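Trainee: I have a two-chain model open and would like to go through it with you. Can we start with the contact between the chains?

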Amino acid sequence: MLYTALLTLLSHWKRHPGQFVMLALGLALATALWSGVQAINAEARAAYDRAAATLGQDQLSRLERADGQPIDLADYIALRAAGYLVSPVILGDIRGPDGHLRILGVDPLTTPAEAQGPTLDGTFNLAAFFTHPGLLLVSQDTANGALPNDLPPLQITDNIPPATAITDISTAARLLGQENPSYLLVAANQPHNLPPITQATTLTLRAPQSTSDIARLTDSFHLNLSAFGFLSFGVGLFIVHAAIGLAFEQRRAMVRTLRALGTPLRTILMALSLELAVIALIAGTIGVALGYLIAAALMPGVAGTLRGLYGAEIEGILRFNPSWAISGLLITFLGTAAAAIQVMIRTARMPLLAPAMPRAWAQASGRMIRLQAYAALALFALAALLALVGQGLIAAFACLAALLIGAALGLPALMTGALSLIRPKGAFAEWVVADTRQQIPGLSLALMALLLALAANIGVSTMVGSFRHTFLGWLDQRLTSELYVTAPSSAEAAALMQILAPDVDAILPIVSAEMRLFDRPAEIFGVLDHPTYRQAWPLLSAAPNAWDQLATGDAVLVNEQLSRRENLRVGDIIDIADGLPIVGIYSDYGNPNGQAITSLSHFLETFPNILPHRFAIRITPEEAPALATRLRDEFGLPPNAVTNQAQVKAFSIAVFEQTFRVTGALNILTLGVAGIALLTSLLTLANLRLPQLAPIWAIGTSRATLAGLEMARSLALATLTFLLALPVGLALAWVLLTLVNVEAFGWRLPMRVFPTDWLSLFALALLAAGLAALGPTLRLARMPPARLTQVFAQER
Amino acid sequence: MSDPLLDLRDIRKTFPSDTGAVRVLDGVSLQLNAGETLALTGESGSGKSTLLHLSGGLDQPDSGQVVLEGQDIATLDDSARALVRRQRVGLIFQQFNLVPSLNVGANIALQARLAGRHDADFTATLAARLGLSDMLTRYPEQLSGGQQQRVAIARALAPRPALILADEPTGNLDEETGDSVLTLLLDLVSETGAGLLLVTHSPRLADRLSRRAHLSRGQLEV
């Protein structure tokens, strides 16, 4: 019996293949966007885990100095002499004009067994590893990428994170110009007769890191992606809901007949569930495959984004991971169940002998619209509350969700209200307005999807636009020098500076050191006291005479990220050297880490081993090209070692654009999904509306007029939806800029609006609505009269 | 004398309305024997269709008994009444109520399959008797009203039910087609030995059945 009932239900799709395609497409698209995002996140997290596990960092404790500076060799030797099993590691980055490489220098003779090293094959040359010029073990991807110049020979090896090279500690010391170990790896099992290692040294013992700093830093980015994926999934489910609703409406009589012929309700519900499960399996599988393709296409962009925003190195390729494929299928089933639950309840409650009620599923009652409006108001209140008192990224996203869902739920009431304000003149106009009002419940789900997609688009593009505008202005302030030069070494840099000094207005050394502040990675810069900084550096807040105080070497500036994260204000003391007061806070967009600036003299006192080999040159702009040529020709600097301001800006802007490319792609995909949702709903209504249109046709309105009216109505509803999406999108942008960005990235941006972007989005919305309405409209215009007269013949 | 096939005992049924409860059936008692054909007539709103629905277990009375082959089906739950309909009742509606996505052959076999009593030979014989053999692969929308009603009759008879309930089966057909459809229905009912309860407005059609009962204001005038 179940089999027969199932076959009977399934026969519907055989007769309506287009509807089946629409349902499967909606479900597949929803799954694709969700699982694509999950695939990207899974791949990135796996890369972080691999990086965190390099040399057993996820299993081994390490000893380091509290200020993050290299360890004195004497401390290391003392620990070894006392019998402790510790192994030195030198860690640092080599930056070249074309790329950078993280160098990890290890001492293979003392490395603990738990620090599983790279996989070595028969081609590994042990002698070359230990002797000059050394050997760098890198992954194939790293070897294929842009690398700094003058590196030792490379050996391709598995299990090494991207943009990282493992080498002997002596090679690392030479390449990085650093003799002392960055930290000491501590073997898990120490000799029993020794006291705990913390009693034998003043160094700080750090527990194994199961999660890397990068993984923590990028959490917000992945949460952002997940939120977008979820939004797309939600929009996709509108399609599924509409398609299942249509199928239910069309099969209402079939279900009644089946029941009249003695099929128990339970059997019908079971058959419906089985049918949906089969569809979910088919569409989910297609969706996961599509998701894989989308993720593979977006992966290079994501890698670029993560590199640009966080300095996180992941490979731009995607590996198939069964876990996200399974989770993708699982969410397809859950989504299908969520989209179908209303239909299942209606089927279960449908009385066997109730009179036929065409479009009953689509006609939400006035009470339902009122309830939705109340729910919308409650959600808006919740969003406001979260915006005012909520803390943390989750609260910020909850605020976004409340805002978006509230707007979607309030849409039917707002639309009905707007239509009730229209006072038409004439019988036909009255019918048009009344008929449009009657369409709203049926179209509301699709219009909600369109509203969400448009609002997300307005919100995200306003955020990106505001960011771009602020970022460009900020770049102008930060990149005031005419030329930027990278010398091969600090010695050559010093020589160059001496030679150039008479010919230029100023030479500003660029010198920095990595350190830990508040137990997180941070960077400290030393700057020369010069009008370049005093006049242009973008300070958000400052003490009086901040630059004078900085020049004395007894003060620091900190970036906005550090200030917000650690709740630091001007006048607070920060733990650098013996403690320095903060005299200013500056904006530092695009940098995920905390940063501080001190005077050059103070920097060189604190970090005597770090000498500048990069510098900025002030010169009259007209003379800059000639000087650049001279530097390359006379001093033999490689072309990329000398860059002008425009090049650096272009590079920074390229990184910026790359950063938001993924967001833009997801934005467009979501709008596309909303367009399909609208199409599905219009097709649904087109099939169900004949009984309403046929009488109007019969009393003297041509099919062409009715078709034109349908098109005009779709465009009008899209216009109304756009107008309502505008304030929602702007509110969304405000939340993104004021709450999400601050929580996720640590900086706050002024909001700017871009009305010309709205116009192009409006045109896009009209295009989507027009395309969606085109098919049903043409069908109506060409419908044979016999099909319309059939309505009267079959009227019950 | 053997027990009647269908024994309706003091049936009462009301429906709620905006102006209060409307009593549709007020103490109706009626019997139908196997092989007997009974026409149920009455003006619109007299309760004919309601009585038919109660007889087939599609609905339940407020009070009274609906005894089918010795079993009171009015007291059964939804699943049990579904089983009764599947196994023992054949339904023919004025609107035909065919499944539009199944072809004629599948529509005819539908109830028999649901009941687990599908007999391909018998179904083929029914189709042949009803002049449907050449149309088995067509879909309902490709058939005329008379053809659709013949499919509905075949579907109702295919599981060999004890009771056939027909609600204005010729109401949507012209007089000539309606006559021929009724002739076929009566012939087949007679051959299968089932009981037929047929609701009609037409006294002319009612005269062709073996017995006639008239409902007026919820009460029976035999």
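**Interface, packing and local features**

Trainee: How many salt bridges does the rule find across the interface of chain A and chain B?
Mentor: Keep in mind that this is a predicted model. Side chains of opposite charge can pair when their charged atoms come close. Across the interface of chain A and chain B, the number of salt bridges found is 2.

Trainee: Which helix gives the largest share of the side of chain A that touches chain B?
Mentor: Helix H1 (2-15), helix H8 (252-260) and helix H9 (265-310) of chain A each supply at least two residues of that side. The largest share is 7 residues. Those come from H1(A).

Trainee: How much area is buried between chain A and chain B?
Mentor: Chain A brings 22 residues to the contact and chain B brings 24 residues. Carbon and sulfur atoms give 60% of the buried area. The area itself is about 2,100 Å².

Trainee: On to chain B. At what angle do helix H4 and helix H6 of chain B pack?
Mentor: Two packed helices are described by the angle between their axes and the distance between the axes. For H4 (residues 120-129) and H6 (residues 175-192) of chain B, the axes are 11 Å apart. H4(B) passes H6(B) in a right-handed crossing. The angle is about 150°.

Trainee: Which residues of H4(B) make the contact?
Mentor: On the H6(B) side, look for Leu184(B), Asp187(B), Leu188(B), Glu191(B) and Thr192(B). By class, the contact has 4 nonpolar, 1 polar and 3 charged residues. From H4(B) come Phe122(B), Leu126(B) and Arg129(B).

Trainee: Is the peptide bond from His132(A) to Pro133(A) cis or trans?
Mentor: Find Pro133(A) in the loop between helix H4 (126-130) and strand E4 (136-138) of chain A. Omega for the bond from His132(A) is near 5°. The bond is cis.

Trainee: How many residues apart are Glu482(A) and Arg618(A)?
Mentor: Their side chains meet in a salt bridge, 2.9 Å from N to O. Glu482(A) is in the loop between helix H13 (427-478) and strand E9 (483-486) of chain A. Arg618(A) is in strand E17 (residues 614-618) of chain A. The pair links distant parts of the chain, 136 residues apart.

Definitions and conventions:
Residues numbered from 1 in each chain as written. Chains lettered and ligands numbered in written order. Predicted model: local features only at pLDDT ≥ 70, side-chain atom pairs only at ≥ 80, totals over all residues. Heavy atoms only, no water. Contact = heavy atoms within 4.5 Å. Buried area = accessible area lost by both parts, 1.4 Å probe. Salt bridge = Lys/Arg side-chain N within 4 Å of Asp/Glu carboxyl O. Helix = DSSP H or I, 4+ residues; strand = E, 2+ residues; numbered from the N terminus. Axes fitted to C-alpha atoms, helices over the stretch in contact; angles between N-to-C directions. Left-handed = near helix turned anticlockwise from the far one by under 90°. Nonpolar A, V, L, I, M, F, W, Y, C, P; charged D, E, K, R; others polar.
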